[in-house]
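I opened this notebook to record what I looked up in the structure, one topic per entry.

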Amino acid sequence: MKDNNYKPRIIDNDVKRYLSAFGAVCIEGPKWCGKTWTSRHHSESEYLVGDPQNNFQNRQLAQLSPALILPGDTPRLIDEWQEVTSIWDAVRYEVDTRGKKGQFILTGSSTPKRKGILHSGVGRIGKLRMRPMTLYESGCSSGEVSLSELCEGKMIPKLTGDVDIRKLIDNIIRGGWPGNQDTPIESAALLPKEYIAGVIDDEVHRIDDIQRDKRKIELLLRSLARNESTTVTNSTILNDIKAVDDEELDKNTVSVYMDIFNRLFLTDNQLPFSTNIRSSVRVKQAEKRHFADPSLACALLGATPEKLLGDLNTLGFMFEALCERDLRIYAESFGAKLYHYQDYSNKEIDAVIELANGDWSAFEIKLGTNQIDSAAAQLIELKKSIEKEKNAIPPSVLCVICGMSNAAYQRPDGVYVVPITALKN
């Protein structure tokens, strides 16, 4: 199953670790993010449920008797298991029967309702979330700065080279889709556009076999794109749709569609930072809105390189989404978690990375070097504010992630500056 052209992914180490701990591993994530390629790299045999050959014979056989598709060299890949949900229970039962680790790898690009699945698989099937490629994985980041070391206050200053803003824009529009990395930028926007079209025309219906209003789905997705990297509420989304598209949706419809987008791994929101040592009274409990990849928001907005270059405000939000996509993947690789911070006095932190031991680092994300001074001052002010609170633990590291910086360094005030094009996990 090994492919000599396989590009290593950050999730590879987790796949190995989970195979050594569980009887089966389920790798979930959006379509086209590389789940099958990565799973094949770690497998010795495979069964592709969605293979269209012979009138979808593989799917028919799995529906007839899931147990028939399980024999094979291990780890055995079963791709797109959610097409026949009874596979889950069959794998769980087979894992119990064999009593061995690393027997199966399941992949799924949507989360089916629990109907028809008898057992959660807890203790037998470990779950991993896979996302599109980071800049480091696609070769667009030099990887000269390690995020895990940075979060421990360790970084050697270095020149990292000039950054072309057009190259950054290309990375945003192209997205982290493995099959899109070598596509000329003139055509690269087609893949995320087709992704969105597939969601509207087919995926939303297939997730629970209920026909829904495609126009409403499109309106909601466009509103989410306009509000990418913000903490707007569902009520604000409703008002945005009415103001921009002169249409109305009710709150229940929005909630249902939001749940479907989440189950399709189309959205990947950033949770608010909150710990027991912080006062929840002063912290807004709002998620920051994100698509699985900023290229999807660009596709919905019809953003081209020229349009983004002429609209630096929108470009700033898309750049923030790009950075937070990468920060999440890097952080999770060493057991940390990504959040954002926003309190009722309007103090904000773009990204918070909390380590397993409770230490946390605060990151501001800025496209241009002319914004570094104000971002650093904002971080320092917020840290001082937190230090005044009773029993509060301030951030151990302050950092500005910058798009156009040509160096990674620590300022005299203690704030780090790191180009996103030099970062890795």
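Before the first entry I note one cut-off: a residue counts as buried when its relative accessible area is under 20%. The model is a predicted one.

**Entry: Phe265.** I applied that cut-off to Phe265, whose relative accessible area is 5%, so Phe265 is buried. I located Phe265 in the loop between helix H11 (251-263) and helix H12 (294-301). I then read its backbone: phi of Phe265 is near 60°, a positive value in a residue other than glycine.

**Entry: Ser229.** I looked up a further positive phi and found that of Ser229, near 65°, again in a residue that is not glycine. Ser229 sits in the loop between helix H9 (214-226) and helix H10 (234-245). Its relative accessibility is 5%, and Ser229 therefore counts as buried.

**Entry: the sheet.** I asked myself in which order the five strands of the open sheet are arranged. The order is E2-E3-E4-E1-E5, and the pairing is parallel. At the edges I found strand E2 (45-48) and strand E5 (125-129), each of which pairs on one side only. On average, neighbouring strands of this sheet are turned by 20° against each other, with direction ignored.

Strand E1 (residues 24-28) pairs with strand E4 (residues 104-108) in the parallel sense, over five bridges. Within this pair, Cys26 stands opposite Leu106 in E4.

**Entry: helices on the sheet.** I traced helix H1 (residues 12-21) and saw that it lies across E1, E4 and E5, running at about 170° to E5. Helix H4 (residues 86-98) also packs on the sheet, where it touches E1, strand E3 (76-79), E4 and E5. The direction of H4 makes about 165° with that of E4.

**Entry: Ser110.** I looked up Ser110 in the loop between E4 and E5. Is Ser110 buried or exposed? Its relative accessibility is 11%, so Ser110 counts as buried. Leaving aside neighbours within four places in sequence, I listed its contacts as Gln82, Ile207, Arg263, Leu264 and Phe265.

**Entry: a cis peptide bond.** I checked the bond that joins Thr74 and Pro75 and found it to be cis, with omega about -5°. Pro75 has its place in the loop between helix H3 (53-64) and E3.

**Entry: nonpolar cores.** I noted that the largest nonpolar core has 86 residues. Leu147, Phe261 and Leu266 have the most contacts inside it. Helix H14 (residues 312-333) gives the most to this core, with nine residues. Another core, of 19 residues, lies apart from it and includes Tyr341, Leu379, Val400 and Val417.

I went on to the surroundings of Leu266. Not counting residues up to four places away in sequence, Leu266 touches Tyr195, Ile196, Val199, Leu221, Phe261, Phe291, Ala292 and Leu296.

**Entry: H8 against H9.** I examined how helix H8 (residues 190-206) packs with H9: the angle is about 140°, and the axes are 10 Å apart. The two helices are therefore oblique to each other. I recorded the crossing of H8 and H9 as right-handed. Which residues meet there? Ile196, Ile200, Asp201 and Val204 in H8 meet Lys214, Ile217, Glu218 and Leu221 in H9. I note that Ile196 and Leu221 are also among the residues that Leu266 touches.

Technical notes
Residues numbered from 1 in each chain as written. Predicted model: local features only at pLDDT ≥ 70, side-chain atom pairs only at ≥ 80, totals over all residues. Heavy atoms only, no water. Pairing = 2+ DSSP bridges. Helix = DSSP H or I, 4+ residues; strand = E, 2+ residues; numbered from the N terminus. Axes fitted to C-alpha atoms, helices over the stretch in contact; angles between N-to-C directions. Contact = heavy atoms within 4.5 Å. Buried < 20%, exposed > 50% of the residue type's maximum accessible area, 1.4 Å probe, protein only. Core = buried A, V, L, I, M, F, W, Y, C linked by side-chain atoms within 4.5 Å. Parallel < 35°, antiparallel > 145°, perpendicular 65-115°, else oblique. Left-handed = near helix turned anticlockwise from the far one by under 90°.
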